Amino acid sequence: NIDMWTSHRMPVESGSSAASRQAKQKRKSHSLSIRRTNSTEQERTGLQREMLEGQDSKLPLSLRSNLLDLFGQIEREFENLYIENIELRREIETLNDRLTAEGQTIDGGDLTKGALKTKASHSTSQLSQKLKTTYKASTSKIVSSFKATTSRAVCQLVKEYVGHRDGIWDLSVTRTQPVVLGTASADHSAMLWSIETGKCLLKYVGHAGSVNSIKFHPTEQMALTASGDQTAHIWRYMVQLPTPQPVADISQTPCDDDIDFSDKDEADGDGEGPNECPSIRMASTTLRSHQGVVIAADWLVGGKQVVTASWDRAANLYDVETSELVHSLTGHDQELTHCCTHPTQRLVVTSSRDTTFRLWDFRDPSIHSVNVFQGHTDTVTSAVFTVGDNVVSGSDDRTVKVWDLKNMRSPIATIRTDSAVNRISVSVSQRIIALPHDNRQVRLFDMSGVRLARLPHSNRQGHRRMVCCSAWCEDNSSCNLFSCGFDRQAIGWNINIPALLQEK
């Protein structure tokens with residue numbers, strides 16, 4: 001009111017000043033509009049809640065209320081952006097009007113008009129850049145939240161592999177034909193499964209303790225298992241794949257759609273073992289020398305040597321043909337949790353409860369270097385190589401970090417989650433990280449740390465207990481990701497990530 005009274009008392013101003021004052025008054029009216037919106041927000045929220053309670057929906061009221069609050073926040077954010085956009089556009093119009101008025105008073109030659117046009121273009125481009133920057137900064141989170149609505153990742157549960165009598169710690173897929181799935185369980189056995197039919201093809205029962213990991217030879221039909229009996233076994237297998245049965249049409253489930261409404265676990269009755277599954281009781285090679293649980297093992301490139309990781313705080317390098325201990329890799333302060341080898345180079349990475357992981361370099365036979373990395377604040381549950389020059393580490397501190405082998409002083413990406421992360425895996429072809437969690441979830445991220453999807457999880461499908469491990473399969477059309485957990489089952493998934501979601 002004071003501004004309006006003053007405008008009546010003051011002499012008439014020039015065109016540019018009047019335009020500037022008009023723009024300020026319009027901005028002030030918009031700010032008043034925002035305040036009025038905020039003042040009535042409680043009334044509107046109360047009305048919406050009353051309408052919400054009157055609607056017929058199967059969603060719990062608390063969940064519907066949370067959704068309403070989230071959509072209300074999004075609406076307010078877009079409203080603020082809309083108002084700011086209008087104000088910026090008015091500033092551009094005011095500037096153009098002022099420049100036009102100034103141009104009329106200048107003695108006009110082509111050179112002067114050219115200079116005026118250049119000045120106007122420069123000022124307008126600055127405001128345009130400011131507008132773009134504002135939108136990018138303000139809407140980046142909103143855009144990322146709604147990104148999946150235009151092109152969604154499709155995650156389809158294809159097959160469940162049931163037959164173990166205790167939790168499954170680890171799983172992997174063969175690298176040679178026939179392509180089969182291997183699982184390692186706390187029930188003292190390892191099993192080989194037909195990926196297509198879910199039928200058990202072979203059972204290894206040579207260990208006297210929990211089988212903690214399983215890995216397959218890169219070129220031959222041999223498996224390497226690590227056990228709580230303080231040994232690692234190498235055993236040969238021969239399997240014949242059954243004739244695939246017609247697969248029932250399973251509707252494609254967009255990731256993140258299923259919501260777990262209950263923490264109820266299914267009954268823990270002893271499941272029936274797989275029918276007519278042949279077994280192997282003797283290993284072709286037994287690797288001994290650890291003084292504690294052997295928690296993991298892997299083949300070095302070429303398959304002539306293997307590395308084992310143990311709770312005795314050491315990792316051992318063995319010759320496969322002679323079973324002799326070649327090197328004992330010591331230095332960790334607490335128990336080891338995992339080990340992994342590079343697919344093409346003689347590199348080994350070991351993880352430990354001491355919050356570190358170590359990179360061991362055996363490329364030069366005369367020099368065996370080691371690097372220690374201290375990027376986590378809790379147990380490093382696994383660290384794996386990618387096809388490129390990266391290492392990805394997961395931890396009980398609820399983070400996953402991506403490292404560059406050429407410069408590993410600090411991670412190039414950090415993924416923060418809401419639950420401890422177990423044995424991770426990275427897709428060779430798509431470079432997607434699969435994160436199995438203690439809270440029964442499996443999430444997918446790209447190498448830049450951008451979340452791509454969460455696998456469907458409900459009382460009807462998905463894991464019912466802690467998910468221990470994930471493994472990608474590049475050579476199977478029906479299932480390209482597998483997960484296992486302490487609910488005694490492994491699950492085969494078909495993951496389809498559109499290229500749009502993988503763009504950085």
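Buried means under 20% relative accessible area. This is a predicted model.

**Cysteines**

One disulfide is counted here. Cysteine 200 and cysteine 277 form the pair, with sulfur atoms 2.4 Å apart. Cysteine 200 belongs to strand E5 (residues 200-204), and cysteine 277 sits in the loop between strand E8 (231-236) and strand E9 (279-280), so the bond ties together parts that are 77 residues apart in sequence. Both cysteine 200 and cysteine 277 are buried.

Cysteine 469 is in no disulfide. Its nearest cysteine sulfur is that of cysteine 484, 4.9 Å away. A disulfide needs sulfur atoms within 2.5 Å, so cysteine 484 is too far from cysteine 469 for a bond. The two residues are listed below.

| Cysteine | Relative accessible area | Class |
|---|---|---|
| Cysteine 469 | 3% | buried |
| Cysteine 484 | 0% | buried |

**An open sheet**

Four strands form an open sheet in the order E1-E29-E28-E27. Their pairing is antiparallel. Strand E1 (154-162) and strand E27 (467-472) stand at the edges with a single partner strand each, so one side of each has no neighbour in the sheet. Neighbouring strands are turned by 25 degrees against each other on average, direction ignored.

E1 pairs with strand E29 (residues 489-496) over 8 bridges, in the antiparallel sense. Cysteine 155 has isoleucine 495 in E29 as its bridge partner.

In the span 204-235, the end C-alpha atoms lie 8 Å apart. That span is 56% strand and 0% helix.

Methods:
Residues are numbered from 1 along each chain as its sequence is written. This is a predicted model: local features need pLDDT of at least 70, side-chain atom pairs count only at pLDDT 80 or more; totals for chains, interfaces and linings use all residues. Side-chain values use heavy atoms; hydrogens and water are left out. Two strands pair if DSSP finds at least two bridges between them. Helices (H or I, at least four residues) and strands (E, at least two) are DSSP runs, numbered from the N terminus. Axes are lines fitted to C-alpha atoms, for helices over the stretch in contact, and angles run from 0 to 180 degrees between N-to-C directions. Buried means under 20% relative accessible area, exposed over 50%, partly exposed in between (1.4 Å probe, protein chains only).
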